[in-house]
Amino acid sequence: MRLKHLIPVTALLFAPWVRGADPQSYTVHIQGPGYGALDAALKASSQLQSLRTSAPAGPFALIGRAEGDVERLRTVLESFGYYRSQVSITILGRPLDDVGLRTAMEALPAGKDAPVQIAVQTGPLYHLRRITIEGDISDKARSAFTLQSGDPAIASDVLAAGQRLLEAVEEEGHAYAKLEEPVAYQDANEPALDVTFTITPGPVYHIGEIHFEGMKRMHESYLRRRVKLYSGDLYGPGRIERARTDLLGLGTFAGVSLRLPKQEEVQGDSVPITFLVKERKLHAVSVTAAYSSDLGGSGGVTWTDRNLFGNAEQLTLGASIINWGGSDTTGLGYDLTAQLTKPDFGRLDQSLQLSASALQQNLIAYDQTAQIGAITLSRKLTAKWSVGVGLSLEQEKILQQSSDFYYSLFAIPLTAKFDSTGLSNPLLDPQHGVRLSLSVTPTKSIGHPDATFVIFQANTSTYLDLARFGWNDPGRSVFAVRGLFAQAHGAGQFSLPPDQRFYAGGSATVRGYAYQSVGPVFTKPKLVNGVLQANCTTSTPTGPEPTVPGSSQPIPCGGTDLVAGGIEFRQRFGEHFGGALFLDAGKVTTDPRPFEGRPSIGYGAGIRYYTPIGPIRFDVAAPVHRLQGGDVIEVYIGLGQAF
């Protein structure tokens, strides 16, 4: 007993002379097979690599870390189908079992890195030879298993094929089907694997009672209509998951989960389903801000009620200050909006939107004060396609060339949209897929002069992730391309109200050129049939033409035809940062052949900071051919990618 009490005392007495080994800094070089995805997986799995700076280790611990990496890296190689691989690790050029390795590391001068070399030899790539599926399942379910004899024995592909098989069986009503871990037999002489899957489908079930829990303001009757599931339907996890995702997409819920009973708790052949919902806070306030050197600064606040009447109706009120100090603006403006959205109006997947707005903007091209009211009916046709039809009324006052014009505009916008990016929020970073927006807007303009015209616009963008070619990890290197085409039919250049004409320049069309600066500009008035009239020219004038007071920039007059496009390369660095290089081009004319002639071209680079709600963008662009009065560079700051 006395000896037990002496142990802690002795430890305290000798504590000043006892210490852990000093951390040994080191460098790591992995000599991989040169296959992009495999090299990346090896690097990500190596603790020598991942803990090099965050968790320093002494010589003894460093050797142990390296020994653990041997098994970790071999596991990665086997998951890629290399079952005869070899991994060797040396420190200071010595193997890990060298009895003098630790002493050699301790003898290194302070601050000297120990070189760690990891050599990987893959050996032959194994392929699948015989694939056996044991279990009483349908031919349709078996067809979901797409692996074939001769395919590479890549673990993720094998497991994914098994998961597809299980899901196919479950979709046929086998709610509690069980798939055992696949059993693989390795040939001792040839690089081949024989794999056996065993699946037990169990009985067929139907959907039983459907319950909802967790609502506070949301009406249960609305949710029952929304989920598109009915008691008595054949059980199918795909349909149930789509219903859960659809509820989450309403924007009212912070989370939607699913609860199913255990198989032994099910009575009969019906499985009851319970959706557990968690409502978001009823009200939300958001603040926005952006800046560009042409349009200046803008900032605003938005207030939202996410569930106004208990059926997921959303009311949004917004107020913004715009055109604060831009080189292409002549004064401060405002944008006030009110919008009410009623989902599932008349039928599922159809929404009704009522909006009202008041806008004032003071631009070099014109000053505008407008009040706009609109009603829009939108329908989602598929997961990628949606269409819409609307009716809008706009009362506006336009000041251009020292003259006031008053217009009443009645429009019927028809729209079609396609989106295969898989993103629910347009501010998020697209990495693959296509976005396409088409609109045809017949418009009646009552003003000076009266006009009836149709505006057609097509806007598309596509995204190519270079990970498809083994360039980098998914989402790290992306090419983005966009195109815009627009025409006005039925009215000439000056029959169109100034805000209905087309302009180019700015972040939405051609970066590097000021907002609305690309296209025709006013020339000095000329005497035509005894009347002094202003004209437009498609080239930038070199003489003393009409300009903004205090500026040498000509006044844009807009056109009837627009074509623009751009390409951007986006590269991520680390977890939160990225960069971009881009080239834009576009032109505005009154010629129905907009693709002829020389376009205006801008180029530049930018920095991205990636956040959970989207990337913060900072772009600097310059024109290839500087226009009269134009800036040397343009700067753009905002949330979300340029397109």
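The structure, a predicted model, holds 24 salt bridges. Side chains of opposite charge can pair when their charged atoms come close.

| Acidic residue | Basic residue | N to O distance |
| Asp-194 | Arg-129 | 3.0 Å |
| Asp-584 | Arg-482 | 3.4 Å |
| Asp-584 | Arg-511 | 2.7 Å |

**The pair Asp-194 and Arg-129**

The side chains of Asp-194 and Arg-129 form a salt bridge at 3.0 Å, N to O. This pair links distant parts of the chain: Asp-194 belongs to strand β8 (residues 192–200) and Arg-129 to strand β5 (residues 127–134), 65 residues apart. Asp-194 has a relative accessible area of 10% and is buried, whereas Arg-129, at 28%, is partly exposed.

**The pairs of Asp-584**

Asp-584 meets Arg-482 in a salt bridge of 3.4 Å, N to O. Because Asp-584 sits in strand β29 (residues 577–589) and Arg-482 in strand β23 (residues 477–489), the pair ties together parts that are 102 residues apart in sequence. Both Asp-584 and Arg-482 are buried.

Asp-584 also meets Arg-511 in a salt bridge, here with an N to O distance of 2.7 Å. Arg-511 is buried, as is Asp-584. Through salt bridges that share partners, Arg-482, Arg-511, Glu-568, Arg-570, Asp-584, Arg-608, Arg-617 and Asp-619 are joined into one network.

**Charge and surface of the whole protein**

The protein carries 57 positive and 61 negative side chains. The centres of these two sets lie 3 Å apart. Its accessible surface amounts to about 33500 Å², and carbon and sulfur atoms contribute 58% of that area. Of the 643 residues, 40% count as buried.

**Overall form**

The protein has 9 helices and 32 strands. Its radius of gyration is 33 Å, well over the 26 Å that the globule rule gives for 643 residues, so the protein is more spread out than a compact globule. The C-alpha trace spans about 115 × 75 × 60 Å along the principal axes. Among contacts with a separation of 6 or more, 60% are between residues 24 or more positions apart.

Notes
Residues are numbered from 1 along each chain as its sequence is written. This is a predicted model: local features need pLDDT of at least 70, side-chain atom pairs count only at pLDDT 80 or more; totals for chains, interfaces and linings use all residues. Side-chain values use heavy atoms; hydrogens and water are left out. Helices (H or I, at least four residues) and strands (E, at least two) are DSSP runs, numbered from the N terminus. The radius of gyration is taken over C-alpha atoms; the globule rule is 2.2 Å times the number of residues to the power 0.38. Buried means under 20% relative accessible area, exposed over 50%, partly exposed in between (1.4 Å probe, protein chains only). Contact means heavy atoms within 4.5 Å. Accessible areas come from the Shrake-Rupley method with a 1.4 Å probe; for residues, only the protein chains shown count as cover. Lys and Arg count as positive and Asp and Glu as negative; His and the chain ends are not counted. The place of a charge is taken as NZ of Lys, CZ of Arg, CG of Asp or CD of Glu. A salt bridge is a side-chain nitrogen of Lys or Arg within 4 Å of a carboxyl oxygen of Asp or Glu.
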